Amino acid sequence: LNIIRGNIGKTIFPGAMRRVRSSASKVQGFVQAMRKGEVGLVLMHGANLVHALPPSFEVAYGLKQADLVVSFASHLDESAKLAHLVLPASHSIESWGDVRVVPGVYGLTQPAMRTVFDTRSLGDMLLGIADVAGKKSAFGGHDGFESYLKASWQKLHQSIGAPGDFKKFWLESLERGGYFAAANLEEKKKAQDPKNKKVTEK
C-alpha cells in the first residue's frame, strides 16, 4: 500500500529501518551454551523459546541445565512450564514503556487499561527485585517504573534539546505516542525551503 501511495522516500525510509542485531546462529550458540551448563541464569520475557525454535535446537533440554530459569510470561506456555520461577507480567497495554527503534525515533507507551489479573509490569518487577537485592540505587532509587521512565525522558529532553519545558514535552509525547526527532527535523527543512515559502506567500 505504501508503494502504491508513493510513501517510499517520503514517510517510509527502508534504509533507516532497524537492522536485526541477533541471528539464528547466535541463538543456537546460546542454546548450546545452556545445554553445556554454561548459563546460570535465564530470564524470558515476550518469547516462548521452546515453541518458537526448531526441535533440533533442543531448547527444553538446555533450559533444564540452567541453574535458574525465570519466566515473565502472562500465561503458562511451553517455556514457562520449564521455569523454576514464573512471575506473570502485565500485558503491554497495561504497562508503561518506551522503545527506540531507530535514531531520532522515541516511542512512548502508557497503560490503556487497568490490569485484569494479579500481575505487575516487567519494569516494576525488575525494580522490585533490585530493591530486595539491595540494588535500588542502581535504578536511581525510584519506587515504580513510571517514575523511572519519566526520569529517563527528562534526560532525553535535555540531551536532544527539545523546545519548551519538560512538562510540555512529556504531555505532548504521551499524546503522540513518542517523540519523533527525525520527523520534526524534516518538517523544519520543509518550512525553511524557499519553494515552500513562496507557496505560503501566495
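Select His 157 in helix H5 of this predicted model. Its relative accessible area is 12%, and buried means under 20%, so His 157 is buried. Now show the side chain and look for the backbone oxygen of Gly 164. A polar atom of the His 157 side chain lies 3.0 Å from that oxygen.

Which residues does His 157 touch, leaving out those up to four places away in sequence? They are Ala 162, Pro 163, Gly 164, Asp 165, Phe 166 and Phe 169. Keep Phe 169 on screen for the next stop.

**Helix H5 meets helix H6**

Stay in helix H5, residues 145–160, and select Trp 153. The structure holds nine aromatic pairs. Trp 153 and Phe 169 make one of them, a tilted pair. Their ring centres are 5.9 Å apart, with 35° between the planes.

Trp 153 is in helix H5 and Trp 170 in helix H6, so the pair ties together parts 17 residues apart in sequence.

**Trp 170 and its neighbours**

Centre the view on Trp 170, still in helix H6. Its relative accessibility is 6%, so Trp 170 counts as buried. Show what surrounds it. Trp 170 touches Trp 96, Leu 108, Leu 149, Lys 150 and Trp 153, with residues up to four places away in sequence left out. Pick Leu 108 from that list. Trp 170 and Leu 108 are 62 residues apart in sequence, yet their C-alpha atoms are 9.7 Å apart in space.

Next, colour the aromatic cluster. Which residues form it? Select Trp 96, Tyr 106, Trp 153, Phe 166, Phe 169, Trp 170 and Tyr 179; together they form one aromatic cluster. Phe 166 and Phe 169 were also on the contact list of His 157.

Move to Asn 48. Asn 48 sits in the loop between strand E1 (41–44) and helix H2 (49–52). Is Asn 48 buried or exposed? Its relative accessible area is 17%, so Asn 48 is buried.

Show its contacts. Asn 48 touches Asp 77, Glu 78 and Ser 79, not counting residues up to four places away in sequence. Zoom in on Ser 79. The side chains of Asn 48 and Ser 79 make a polar contact at 2.7 Å. Asn 48 and Ser 71 are 23 residues apart in sequence and 9.4 Å apart from C-alpha to C-alpha.

**The second largest pocket**

For the last stop, select His 45, Gly 46, Phe 72, Ala 89 and Ser 90. These residues lie nearest the centre of the second largest pocket. In total, 20 residues line this pocket. The space inside is about 360 Å³. What classes of residue make up the lining? Eleven are polar, eight are nonpolar and one is charged.

Notes
Residues numbered from 1 in each chain as written. Predicted model: local features only at pLDDT ≥ 70, side-chain atom pairs only at ≥ 80, totals over all residues. Heavy atoms only, no water. Phe/Tyr/Trp six-rings, centres within 6.5 Å; stacked < 30°, edge-to-face > 60°. Helix = DSSP H or I, 4+ residues; strand = E, 2+ residues; numbered from the N terminus. 1 Å grid on protein atoms, 1.4 Å probe; cavity = no way out; pocket = protein on both sides within 12 Å on 5 of 7 lines; lining within 4 Å. Points joined across faces, edges and corners; volume = space filled by probe spheres on them. Nonpolar A, V, L, I, M, F, W, Y, C, P; charged D, E, K, R; others polar. Buried < 20%, exposed > 50% of the residue type's maximum accessible area, 1.4 Å probe, protein only. Contact = heavy atoms within 4.5 Å. Polar contact = N/O pair within 3.5 Å; in protein donor to acceptor, adjacent residues only side chain to side chain.
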